[in-house]
Amino acid sequence: MKLNISQKASGKANASALFFVKQSIQFSDVLNETAEKQAESVLAGMKDGVFEDLEFVELDNKPTIFVDAAKDRGISSLDHLRTAAFRLAKKAMQKQIPMVSLMLADAADEQFKAIAHGLHYADYKFDAYKSKQKDNFQVTFEIVAGDRAASFKKVAEEVAIEQKAITLTRNLVNTPGSDLTPAEFVERAKTVAKYTNGLSIKIRDAKQLVKEGFNGIATVGKGSATPPFMVTLSYNGAGRTRTSKDHLVIVGKGLTFDTGGLCLKPPKSMPEMISDMTGAATALAAIQAIATLELPIKVSAVLCLAENRIGEHAMLPGDIFTAKNGKTVMVDNTDAEGRLALSDGLAEAGLIGATHIIDLATLTGAMVRALGYAVAGFFSNDDALALNVINCGEACCEKFWSMPLEEEYADALKDKFADLKNTGSDAGAISAALFLQEFVPADTAWSHWDIAGTAFVTKKWKYTEYGATGFGVQTLVELARRMAAGENAENETKEYAEV
Ligand code: BES
Ligand code: ZN
Ligand code: ZN
């Protein structure tokens, strides 16, 4: 896939396929008379406000997409553009059309960004495990940008960095559990740190974890022949002037496989548990993108890596351990392991001075049942951060729904012997979030994203084939971008430091 951004205002000469943003095009500039008539009739037949108003037709033997971007439909219109671009690119690849022109001379930056993402999504494939690999047909997309060209070039560079991160996440998530062990994940994180300017890495192995009292990850990983790790990656704003004292720490659940442990999962959905490290993969990818973009903000990523497995040393239901913050926890269900591992990630975030924590986790089946694969549920102890999450998600076509940290259910987490147990009320996703809240460092803005539904799809969806979606990477980058720019509602005290 290649993006050429040209200053031309019309693409008639080169176009093998055309992509219109309605209103931004004079059909007579780019179509012959027959095609122009066809185009008018397609547009006349488009219905309002529904996904189906994307029209994909052959005009004059050229696959052409119409997207009605003229109406203001907020997130959905950006999402339409993105999906339309994805479909166009897929079609062009399938029909082996070498050059496609997109008429975008009066599109806004956000619209172009959505389109560029859609084109990149079409290029993703995960065929490392097929006996034969096949290269995607290379399509060049000519962006007819007119005087938007300079601005679009900058957007295209940012999109390429975000897409590289999304691809990293998806490749990690799609890799089978036996190949992506915690130790192998550490190697991948080391590679990211090595090739990304301004990223440093600290690795704790099982022995160090126990020595320092990070017993959550250690307990979860006990039953596995491939031992657990905690990885902390840090980025310090690339020596750029930082506009705030914010330190965003992204904590990721990194269960490279979740069998459920002794409370074994049923076989049907078990293969999907290769995706139980999506939180950690997303955190790693996001910090890679943030550092590459050289955003002027301090960001860290904490990866809680373990395999939840049955073995002679596996944690037993009823076991009690002391978490890093001193609270004791009884393992009521070995399949509720994510929250145990994350308790250490949250503690580490506090130790390294987080002002804001986002944790991401494929945490509960309850969240899948509540919101499905299209919407992630999130929780927050801070209204300004919550608003920021929603807004950033909207800007990135990633949907977040605010869930309550309902205090009424907190009692159900109390244990008879220990301070806490790892199961709670029937409100499964809320109970998990309330459990995590017990480990959030004092005076820290925190948001927990339960991405159990959005991380992985079992059927084709929008711009994703079976498997990992890469959900969350863009919203995290956008959040860092806005925090770096001081567009952080609660960030009242701004400090301007000289480099
Ligand atoms: N990794 C699972 C959650 C999950 C389920 C992720 C489906 C993706 C798709 C998690 O560790 C888990 O098993 N949670 C249990 C908790 C319960 C035992 C309290 C669940 O949600 O069933
Ligand atoms: Zn589990
Ligand atoms: Zn799990």
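**Helix α5 and its packing partners**

In this predicted model, helix α5 (residues 149-174) packs with helix α9 (residues 278-292) at an angle of about 160°, and their axes lie 9 Å apart.

Visitor: Which orientation does α5 have relative to α9, parallel or antiparallel?
Guide: The two helices pack at an angle of about 160°. Angles over 145 degrees count as roughly antiparallel, so α5 and α9 are described as roughly antiparallel.

Visitor: Is the crossing of α5 with α9 left-handed or right-handed, and which residues of α9 make the contact?
Guide: α5 passes α9 in a right-handed crossing. On the α5 side the contact involves I161, E162, A165, I166, L168, T169, L172 and V173, and these meet, on the α9 side, T278, A281, T282, A285, A286, Q288, A289 and T292.

Visitor: How many residues of the contact of α5 with α9 are charged?
Guide: The residues of this contact divide into 10 nonpolar and 5 polar. What remains in the division is charged, and the number there is 1.

Visitor: What is the orientation of α4 and α5 to each other?
Guide: Helix α4 (residues 109-123) and α5 have axes that come within 9 Å and cross at roughly 40°. Angles under 35 degrees would count as roughly parallel and 65 to 115 as roughly perpendicular, and α4 and α5 are therefore oblique.

Visitor: Which residues of α5 make the contact with α4?
Guide: The crossing of α4 and α5 is right-handed. From α4 the contact is made by D109, F112, K113, A116, H117 and H120, and from α5 by S151, F152, V155, A156, V159 and Q163.

Visitor: How many residues of the contact of α4 with α5 are nonpolar?
Guide: In this contact 4 residues are polar and 2 are charged. The nonpolar residues number 6.

Notes: Residues numbered from 1 in each chain as written. Chains lettered and ligands numbered in written order. Predicted model: local features only at pLDDT ≥ 70, side-chain atom pairs only at ≥ 80, totals over all residues. Axes fitted to C-alpha atoms, helices over the stretch in contact; angles between N-to-C directions. Helix = DSSP H or I, 4+ residues; strand = E, 2+ residues; numbered from the N terminus. Left-handed = near helix turned anticlockwise from the far one by under 90°. Contact = placed C-beta atoms within 7 Å. Nonpolar A, V, L, I, M, F, W, Y, C, P; charged D, E, K, R; others polar.
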